[in-house]
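Good morning. I will take one structure and go through a few places in it. Please have a look at it first.

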Amino acid sequence: MKLVINSEYVALDEVSATMSIQDIARQFTLVDISSTQKYFKGDVVEIYNDSNVLQIKAEIEYVKATGDDKTSEFVYAGRNNAKYIIDCYADKTIQFTENQKLNTVLDEIAKGFGLTITGDAQLPTNEIKTILIGDNIGEAFVEIVHSAGQIITSDAIGNIVIQDTADVEKDIIFKYGKN
């Protein structure tokens, strides 16, 4: 595993990236045992697997520090850009009708966050779905895609992927120094 923060290769005490078919956004957690804080909210983290394939690119959203005056433990965490879909709420009511292509309809919402939707799925016949004002967009996306019998995830950057089956059968957790 390779870790890049703000365009520089680094080594920390613990690094994990989680990709799950249960969650739209990919997530990471970094642990650094140090005397000073090195990274801050908004810093860009890239985690690559051993084949040098980008697994997640995201900004640090959360920083927690614990310890004493000699050594501290800094925990950094964040999610890829799919977080924008997960964290927002509908500002208008949107209705989907039977046999509409999900990627076309959902792309109208996602492009407002600079994200794209890939995959080809349709709402089943006699199916009408509605996202109401105030609904959580991430939860609505999951519900609509699952009603079409599909899986919704994101790529390393955060673009939304709709597919028939998962690329892997289980969640993948990359642990620094272990895989």
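Which residues does Glu59 touch, not counting residues up to four places away in sequence? They are Phe28, Gly42, Asp43, Val44, Ala77, Gly78, Arg79 and Lys83, where contact means heavy atoms within 4.5 Å.

Before going on, the ground rules. This is a predicted model, in which local features need pLDDT of at least 70, side-chain atom pairs count only at pLDDT 80 or more, and totals for chains, interfaces and linings use all residues. Numbering runs from 1 along each chain as its sequence is written, and side-chain values use heavy atoms, with hydrogens and water left out.

Back to Glu59. It is found in strand β6, residues 54-59; strands (E, at least two residues) and helices (H or I, at least four) are DSSP runs, numbered from the N terminus. Glu59 is partly exposed, at a relative accessible area of 33%. On that scale, buried means under 20%, exposed over 50%, and partly exposed in between, with a 1.4 Å probe and protein chains only. Arg79 is 20 residues from Glu59 along the chain, and their C-alpha atoms are separated by 7.0 Å.

Now the whole protein. There are 3 helices and 14 strands. Of the 179 residues, 44% are buried. Taking contacts between residues at least 6 apart in sequence, 62% join residues at least 24 apart.

Next, Gln95, in strand β9, residues 94-96. Gln95 counts as exposed because its relative accessible area is 52%. Beyond its neighbours within four places in sequence, Gln95 is in contact with Gln100, Ile128, Lys129 and Thr130. With Thr130 there is a polar contact, side chain to side chain, at 3.4 Å; the term covers a pair of N or O atoms within 3.5 Å, one able to donate a hydrogen and the other to accept it, and residues adjacent in sequence count only if both atoms are side-chain atoms. Leu132 is 37 residues from Gln95 in sequence and 8.3 Å away, C-alpha to C-alpha.

Last, a pocket. How are the residues lining the second largest pocket split by class? There are 8 nonpolar, no polar and 3 charged residues. Among those in the lining are Cys88, Tyr89, Asp91, Phe113 and Ile137. Helix α2, residues 102-110, gives the most to this lining, with 3 residues.

That is all from me.

Note on methods. On a 1 Å grid over the protein atoms alone, a cavity is a set of points where a 1.4 Å probe fits but cannot get out, and a pocket is an open set with protein on both sides within 12 Å along at least five of seven lines; lining residues have an atom within 4 Å of a point. Ala, Val, Leu, Ile, Met, Phe, Trp, Tyr, Cys and Pro count as nonpolar, Asp, Glu, Lys and Arg as charged, and the others, Gly among them, as polar.
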